[in-house]
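Let's take a walk through the side-chain contacts in this one, starting with the charged pairs and ending with the rings.

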Amino acid sequence: MNKLIITGNCGHDCNPKQVGDKFVYNLTIAVSVGYGENKKTIWYDANIWRQDDKLGTIAKGTKLLIEGEPSVQVYTTKQGEPAAKIQIFCNHFEFLSSKSETTEPTIDEVNASQKSIAQAMRIEHTKQENLPF
């Protein structure tokens, strides 16, 4: 048996599909390799089979560790050229982050944070004015 372990980001939102009495998540995983001008992205297809759909939607950008058995799928493109892709039948996976952990705060979140800081500063200033010395 061959084993491949990758860490990368989910390429699109993925919902489970029911197949018989099981559920499958068909993911594309983007893995960055190299540095600087030599940096490139390698895409993998991964299938996660589960007894239930309790994972819900796996959001685009979620960082995952995927471990499983690789296979190569050979096909012909629309232009008639031969191509291949690596597909992983997943034996084990882990969430390394969620998309919400990697996003920048919204403008509303920034404004709310600034308002609460300003309010805390006003309260502190009022307390200082009431000091007996």
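Start at aspartate 45, which pairs up with lysine 85 in a salt bridge, their closest N and O atoms 3.1 Å apart. The term here means a side-chain nitrogen of Lys or Arg within 4 Å of a carboxyl oxygen of Asp or Glu. This pair ties together distant parts of the chain, 40 residues apart: aspartate 45 belongs to strand E4 (residues 40–50) and lysine 85 to strand E6 (residues 82–95). Strands (E, at least two residues) and helices (H or I, at least four) are DSSP runs, numbered from the N terminus. Before going further, note that this is a predicted model, where local features need pLDDT of at least 70 and side-chain atom pairs count only at pLDDT 80 or more, while totals for chains, interfaces and linings use all residues. Residues are numbered from 1 along each chain as its sequence is written, and side-chain values use heavy atoms, with hydrogens and water left out.

Lysine 85 has another contact: its charged end sits over the ring of tyrosine 75, 6.0 Å from the ring centre. To qualify, NZ of Lys or CZ of Arg must be within 6 Å of the ring centre and within 35 degrees of the ring normal. Lysine 85 is partly exposed, at 35% relative accessibility. On this scale buried is under 20% relative accessible area, exposed is over 50%, and partly exposed is in between (1.4 Å probe, protein chains only).

How many salt bridges are there? The count is three. In one of them, glutamate 67 meets lysine 3, at 2.9 Å from N to O. That's another link between distant parts of the chain, with glutamate 67 in strand E5 (residues 63–76) and lysine 3 in the segment before strand E1 (4–10), 64 residues apart. Glutamate 67 is buried at 17%, whereas lysine 3 is exposed at 53%. Aspartate 52 and arginine 50 also form a salt bridge, at 3.3 Å. Aspartate 52 is partly exposed at 24%, and arginine 50 is partly exposed at 24% too.

What about disulfides, meaning cysteine sulfur atoms within 2.5 Å of each other? The count is zero. The sulfur of cysteine 14 has its closest cysteine sulfur in cysteine 10, 6.0 Å away, so it is too far for a bond. Cysteine 14 is buried, at 2%, and cysteine 90 is buried as well, at 10%.

Phenylalanine 93 and phenylalanine 95 have ring centres 5.7 Å apart and planes at 85 degrees, so they are edge-to-face. Rings of Phe, Tyr and Trp (its six-membered ring) pair if their centres lie within 6.5 Å; planes under 30 degrees apart are stacked, over 60 edge-to-face, and the rest tilted. Phenylalanine 93 is buried at 16%, while phenylalanine 95 is partly exposed at 42%.

Technical notes
Disulfide = S-S within 2.5 Å.
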